[in-house]
Every structure is written in structure tokens, then in C-alpha cells.
Amino acid sequence: MGMIRHIVMCKFKEEAEGADRATNLRKAKALLDALPQRIGEIRDWEVGIDCGYTSASFDLVLVATFADQEGLLAYQQHPEHVKVVEFLRSVHEMKTVVDYER
């Protein structure tokens, strides 16, 4: 079994948690960018905010790599990840995920 690539894309609400979309996007990126220092299973990590060139785009993307499925599962269950997911659920209106073997 090869490495696992984990991709998540979110479309954010115009307003949520008392803040506008841009503020919540910056907060989400900061929270996500802190995870590699806290979760050892993460092998590679990139978080990007959409440039806004098309209305069809999602607002935020996460591209992560894990050594194997067990690493991905450990990451998903990690308490620090769970906290970030709770925030994301409160500010996004749609999410899509793709996990594939490399």
C-alpha cells in the first residue's frame, strides 16, 4: 500500500461565528497550518485560499500526505484535528473530500 493523498475543499458561508468570509478563511488557514507541528502522522501539508478568479471555485483547499491509511485515520481522530473540524463545520456551507493512494 502506498502513501495516501488527502484533499479537502470547502466553500465558506458569507458570515458565520460573528465574522465575514475573509476573516474565517484566514482563521481556518492559521488553524490548519498549525496542525503539522502537532500531529506527527502528517508527511506533507499545504493549505491554500482561492484567488477568486471564478465563482465556481471553492474557497479553501487542503492537500495532505500520509504514509498510509492508518496515518490518515490517526490524523482524523487526533484531538487537535477534531477541534479544527468543529470550527470548519461552523463556517463552511459545503465540503468535498478525495483520498487516494499514491
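Q: How much space lies in the largest pocket?

A: Rolling a probe the size of a water molecule over the atoms shows where empty space is left. In this structure, which is a predicted model, the largest pocket holds about 220 Å³ of space. Its lining is made up of 16 residues, and those closest to the centre are Val8, His81, Val85, Leu88 and Lys95.

Q: Which elements give two or more residues to the lining of the largest pocket?

A: Strands S1 (4-12), S5 (60-66) and S6 (92-101) do so, together with helices H2 (69-77) and H3 (79-91). The largest share, five residues, is supplied by H3.

Q: Where is His6 found, and is His6 buried or exposed?

A: A residue counts as buried when its relative accessible area is under 20%. His6 is found in strand S1, and its relative accessibility of 4% makes it buried. Residues that His6 touches, beyond those up to four places away in sequence, include Leu62, Val63, Phe66, Leu72, Tyr75 and Val97. Asp99 is also on that list of contacts, and the side chains of His6 and Asp99 are joined by a polar contact of 2.4 Å.

Q: How many disulfides does the count come to?

A: A disulfide requires two cysteine sulfur atoms within 2.5 Å of each other. By this rule there are zero disulfides in the model. Cys10 takes part in none, as the nearest cysteine sulfur, that of Cys51, is 17 Å away.

Q: Where is Asp59 found, and which residues is Asp59 in contact with?

A: Asp59 is found in the loop between strand S4 (42-49) and S5. Asp59 is buried, with a relative accessible area of 10%. Neighbours within four places in sequence are left aside, and the contacts of Asp59 are then Cys10, Lys11, Phe12, Arg21, Leu25, Gly48, Ile49 and Asp50.

Q: What is the phi of Glu17 near?

A: Most residues other than glycine have a negative phi, and most peptide bonds are trans. The phi of Glu17 is near 55°, a positive value in a residue that is not glycine. Glu17 lies in the loop between strand S2 (15-16) and strand S3 (19-20). Its relative accessible area of 58% places Glu17 among exposed residues.

Q: How many residues apart in sequence are Lys29 and Gly48, and how many Å apart in space?

A: Distance along the chain and distance in space are two separate questions. Lys29 and Gly48 are 19 residues apart in sequence, and their C-alpha atoms are 7.4 Å apart in space. Lys29 is placed in helix H1 (residues 21-33) and is partly exposed, at 26% relative accessibility.

Key. Residues are numbered from 1 along each chain as its sequence is written. This is a predicted model: local features need pLDDT of at least 70, side-chain atom pairs count only at pLDDT 80 or more; totals for chains, interfaces and linings use all residues. Side-chain values use heavy atoms; hydrogens and water are left out. On a 1 Å grid over the protein atoms alone, a cavity is a set of points where a 1.4 Å probe fits but cannot get out, and a pocket is an open set with protein on both sides within 12 Å along at least five of seven lines; lining residues have an atom within 4 Å of a point. Grid points are joined across faces, edges and corners, and a volume is the space filled by probe spheres set on the points. Helices (H or I, at least four residues) and strands (E, at least two) are DSSP runs, numbered from the N terminus. Buried means under 20% relative accessible area, exposed over 50%, partly exposed in between (1.4 Å probe, protein chains only). A polar contact is a pair of N or O atoms within 3.5 Å; within protein, one must be able to donate a hydrogen and the other to accept it, and residues adjacent in sequence count only if both atoms are side-chain atoms. Contact means heavy atoms within 4.5 Å.
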